[in-house]
Amino acid sequence: MMKNIMIISRALTYGGAERVAASLASYLTAYYNVDLVVIDGDKQSYHTTANTIYLGQSVIHKGKGINRILWFVNLYKKILRLRKSKKYECVISFLTEPELMNALTSQFGKSITSIRNVRSSVVCGRIKKIRDKWAFSKMDGIVSLSENAKKDLVENYDVKPDKIRVIYNICDKEYIWGEISKGIIENDISEWLGSGKVFVTTGRLSEQKAQWHMIRAFAGVAKKHPDVKLAILGKGEQEEYLSNLIGELDMAEQIRVLGFKSNPYIYLSKAYCFLFSSVFEGLGNSIVEAMACGLPIISTDCNAGPRELLSPDSSLETKIDEIELAEYGILTPVCDGIHRSGNAALTSAEEELKKAIELMVENEAIYKNYKQKSTERGEQFDIESIVNQWISVIEQ
């Protein structure tokens with residue numbers, strides 16, 4: 001008889017962690033009885049073949065003070081009821097609220113949490129750090145998305161190294177190309193994507209992803225090369241700022257914010273190169289997906305992830321102040337994350353990002369080399385290898 005497994009996700013809408021939770025639940029159904037428990041609402045952008053249980057507790061409207069406490073108590077009761085009734089052998093959590101629920105009910109079976117970022121870069125404050133240390137202490141295992149994220153857990157949260165397993169995200173190339181084959185792009189966008197060299201980025205429009213840095217750097221290249229374009233896929237709190245910045249730079253024809261796309265792969269397949277401007281990361285799953293689509297990569301060398309993906313044999317402690325032609329893509333210095341107007345001079349990191357973009361546009365040999373290298377690297381994140389690593393953590 002197959003074991004019962006619960007995976008808790010905050011939602012299934014548009015977050016990277018949510019996408020991984022949905023896909024992991026699907027892959028594990030071949031080995032376990034999997035329930036994917038979703039805290040927030042019943043909207044679904046990511047498909048899963050696992051049995052899905054919606055708790056209907058809006059994360060957005062959890063409120064403050066007593067309302068916040070009542071929200072958590074109600075959520076705790078629901079998770080506790082599920083763990084007691086279904087007797088799950090293992091519960092896997094993604095992101096903060098699921099992680100806390102997993103820790104609070106850890107006495108009812110094995111508890112594993114997945115750490116998606118360098119936690120100390122994402123969560124600040126003494127109280128939150130104490131909370132996270134407590135939650136980690138209740139876990140039987142922690143899956144970290146990168147070696148640098150693991151290092152952060154050891155150094156800043158006193159987690160024992162042998163409790164942490166680094167497992168990269170799955171890159172399901174067959175699924176991605178299946179989505180590409182059936183994808184449809186709106187007519188006006190399709191025409192825009194169909195001409196010139198289109199650079200693309202995907203991800204939440206947030207402080208972490210810092211897309212304004214690539215906009216400012218890209219504008220300088222676009223003035224020199226009128227045929228280049230930048231497509232930004234995603235939604236988030238920085239959308240208004242990004243749109244205003246594009247207007248300030250007079251780049252509305254060459255830079256577009258296209259919004260969230262449930263099937264981003266069709267857009268990636270039409271692109272020339274992938275850009276990534278994050279100031280911190282867990283790994284950078286969108287980089288891996290871009291590799292699966294055969295796109296050359298330009299990424300900031302942020303902590304953590306991009307260096308592990310693009311220069312896996314180099315030291316994780318490496319710091320750069322100019323572009324690095326790494327084995328599987330181009331790394332650029334991490335930007336400072338500060339908002340600036342379109343009229344402000346480029347920072348040194350933005351200048352290096354501009355140089356990298358120009359190099360991909362102007363040097364065909366470098367472009368072709370990284371296009372091939374990107375495809376090779378993407379092959380190393382196959383389903384069987386990654387799923388087997390998850391199974392070993394569940395079974396240990």
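Helix α9 (residues 211–224) and helix α10 (residues 239–248) have axes that come within 10 Å and cross at roughly 10°. Axes here are lines fitted to C-alpha atoms, for helices over the stretch in contact, and angles run from 0 to 180 degrees between N-to-C directions. That angle makes α9 roughly parallel to α10; under 35 degrees counts as roughly parallel, over 145 as roughly antiparallel, 65 to 115 as roughly perpendicular and the rest as oblique. Gln211, Trp212, Ile215 and Arg216 of α9 make the contact with Tyr241, Leu242, Leu245 and Ile246 of α10, contact meaning heavy atoms within 4.5 Å. These residues divide into six nonpolar, one polar and one charged. In that division Ala, Val, Leu, Ile, Met, Phe, Trp, Tyr, Cys and Pro count as nonpolar, Asp, Glu, Lys and Arg as charged, and the others, Gly among them, as polar.

The model is predicted: local features need pLDDT of at least 70 and side-chain atom pairs count only at pLDDT 80 or more, while totals for chains, interfaces and linings use all residues. Residues are numbered from 1 along each chain as its sequence is written, and side-chain values use heavy atoms, with hydrogens and water left out. Helices (H or I, at least four residues) and strands (E, at least two) are DSSP runs, numbered from the N terminus.

The crossing is left-handed, a term for a near helix turned anticlockwise from the far one by less than a right angle (right-handed if clockwise). Lys129, Asp132, Lys133 and Phe136 in α5 meet Leu153, Asn156 and Tyr157 in α6. The residues of this contact divide into three nonpolar, one polar and three charged.

The strands form an open sheet of seven, in the order β3-β2-β1-β4-β5-β6-β7, with parallel pairing; two strands pair if DSSP finds at least two bridges between them. β3 (51–54) and β7 (164–166) stand at the edges with a single partner strand each, so one side of each has no neighbour in the sheet. From one strand to the next the twist averages 20°. Helix α6 (residues 147–157) packs on the sheet, touching β5 (110–115), β6 (141–144) and β7, and its direction makes about 165° with that of β7. Helix α16 (residues 383–395) also packs on the sheet, touching β1, β4, β5, β6 and β7, with its direction at about 140° to that of β5.

Within the sheet, four bridges join β1 (residues 4–9) to β4 (residues 90–94) in parallel, and Ile7 stands opposite Ile92 in β4. Five bridges join β4 to β5, also parallel, with Ser93 opposite Thr113 in β5. Five of the five residues of β4 are buried, so this strand is largely enclosed by the rest of the structure. Buried means under 20% relative accessible area, exposed over 50% and partly exposed in between (1.4 Å probe, protein chains only). Both faces of β4 are covered, with Cys90, Ile92 and Phe94 on one side and Val91 and Ser93 on the other.

Asp35 lies in strand β2 (residues 33–38). This residue is buried, with a relative accessible area of 7%. Leaving aside residues up to four places away in sequence, Asp35 touches Ile5, Met6, Ile7, Asn51, Ile53, Lys86 and Tyr88.
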